[in-house]
Amino acid sequence: MASVAAGQGASLSKKGVLARMRRLFARLSPDSLFARLILIFSGGFFAMLLLTTIYAGESRHFYFMRGLMADRARRMAEVAVLLDATSPEIRFVLREQFNSRGFFVSFTSSCPSLTVNDEDLKDASVLMEYMLNLSLSRLYGEGMQHHGRMRSGHSDDIPRRAMLAVSELNLPSPMESFVQSVGQYFTSAKRTRGPSVYQATAVVPMHDGTWVVIEDSAPGYPPLPYFPFTSIIAIELFFVAISLLAFYLCVKPLRRLARAADRFGRDIRTPALPETGPSEVREAAQAFNRMQTSIREFLDERERTLAAVSHDLRTPLTRMRLRVEQLDESQRGPLQKDIGELQQIMDTTIDIARSKSENVAVVDVVSLIESLVEDRQDMGMDIQMEERLQNPEALFAIRPLSARPLSMKRCLANLMDNALRYGGHVVVDVVDKDDMLSVIISDSGPGIAEDELKKVFEPFYRVERSRNRSTGGTGLGLSIARSMARMHGGDVILENRPEGGLRATATFRRA
């Protein structure tokens with residue numbers, strides 16, 4: 001049981017770490033698609049440049065070591081073949097000529113033993129020994145082909161196999177070379193030659209039984225090149241510039257489609273998208289235009305249907321009113337109230353259907369709100385503007401708004417009437433920002449239960465328990481207000497005030 005619990009704990013710990021990493025990545029990653037594409041592609045390309053640089057160092061390391069060994073082995077072979085082609089007296093003279101810094105030649109009558117003490121040097125010893133014997137076979141073959149026997153009394157057979165042991169190899173690894181070159185670039189250090197690259201001892205047999213012992217060491221590793229940081233940055237900037245252009249052209253149609261969808265959500269009469277650009281963009285624009293046309297036709301058909309229903313219902317309602325008038329007073333009142341509610345529901349439904357087709361115009365927000373407030377004050381209702389808006393300068397600072405005039409008026413009127421019906425004293429405030437206009441309507445009523453703040457926006461939903469039981473209405477006022485605010489890119493939010501009462505905030509987006 002303990003092991004099972006430990007396993008479950010480890011699993012939960014891993015899940016927690018992964019969840020934290022996902023949250024951290026979500027916070028650090030850009031929000032827009034354009035920025036994410038730039039980050040992914042530029043980061044990937046920069047990583048590719050670094051890997052290419054490291055790979056170039058790997059290749060440089062391999063080919064330098066191979067070329068170095070081939071060059072030194074060829075030199076050893078040439079010296080051994082030349083000494084084998086001369087008399088013993090001349091060999092000692094040539095030996096003094098060959099001896100130089102890092103290269104020493106000696107002779108012995110018996111084959112010395114060569115051992116490689118370091119396991120890491122065995123592969124290098126085998127490789128260089130192979131190159132030495134390959135060079136010897138080529139040189140002896142060329143000498144026999146062009147000059148016959150190299151010397152009187154010699155056999156045409158190539159001598160026994162030469163032996164070689166590498167005792168030191170100081171070539172830096174590719175990663176070490178990379179780190180050193182980066183350090184040199186950022187510290188401005190001078191490039192200096194490295195230590196002795198390698199040291200090797202070779203034993204080459206000659207035809208007279210003498211053995212040539214050659215000790216060779218390279219003077220030093222060539223200076224490391226500076227890290228090409230400037231070139232990498234220049235290439236990266238060029239790639240980012242090209243990516244900016246490419247991704248902008250790719251994302252631009254998405255932004256245009258998003259703006260068109262936003263405009264269409266606020267105005268179904270918005271012009272169609274231009275069907276231009278690449279084939280994929282044209283197909284998306286055509287699909288959007290078809291959808292826009294279908295929705296517009298559906299709404300037009302719905303408006304015509306509702307208008308026809310409204311027209312057909314007026315005659316029966318008129319007949320019902322005439323017949324109700326013939327009843328006695330005790331029966332007339334309830335029926336007249338029901339007929340009035342039916343008429344109100346019908347008119348409200350038609351207003352909602354027709355609000356989508358209303359044209360956008362410039363609305364003087366201050367005049368609209370003042371007229372709504374003054375109309376209700378004339379009816380004896382307790383409503384007023386916020387105290388700070390009594391100052392004319394504050395009113396003039398509120399800019400006009402591009403909106404559907406009747407829809408905006410209906411939205412604010414519904415909110416004011418709802419506040420007056422249920423809340424008593426009402427105060428209206430306006431907050432004008434660069435991107436949004438907010439109209440705040442506060443009342444001093446009992447408020448609404450927190451769990452019903454969203455339910456009251458549902459059509460025909462009425463909160464009778466928390467409000468006055470004698471109230472009327474159809475339960476569509478708040479639903480209509482929110483629908484019309486959302487047509488303008490905003491919303492209606494209800495919240496209880498700490499000091500008591502309800503606050504309704506209607507927002508309208510500025511185009």
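In what order do the 5 strands of the open sheet lie? In this predicted model, the order is S6-S8-S9-S11-S10, with mixed pairing. Strands here are DSSP runs of E with at least two residues, helices are runs of H or I with at least four, and both are numbered from the N terminus; two strands pair if DSSP finds at least two bridges between them. Strand S6 (383–385) and strand S10 (491–496) form the edges, each pairing on one side only. From one strand to the next, the twist averages 20 degrees.

Residues are numbered from 1 along each chain as its sequence is written, and side-chain values use heavy atoms, with hydrogens and water left out. As the model is predicted, local features need pLDDT of at least 70 and side-chain atom pairs count only at pLDDT 80 or more, whereas totals for chains, interfaces and linings use all residues.

Within the sheet, S8 (residues 426–432) and S9 (residues 436–443) run antiparallel and are joined by 7 bridges. Aspartate 432 stands opposite leucine 437 in S9.

Two helices lie across these strands. Helix H9 (residues 365–378) lies across S6, S8 and S9, at about 155 degrees to S6. Helix H12 (residues 477–487) lies across S10 and strand S11 (502–509), at about 130 degrees to S10. Contact means heavy atoms within 4.5 Å; axes are lines fitted to C-alpha atoms, for helices over the stretch in contact, and angles run from 0 to 180 degrees between N-to-C directions.

Elsewhere, valine 17 lies in helix H1 (residues 2–28). Valine 17 counts as partly exposed because its relative accessibility is 34%, where buried means under 20%, exposed over 50% and partly exposed in between (1.4 Å probe, protein chains only).
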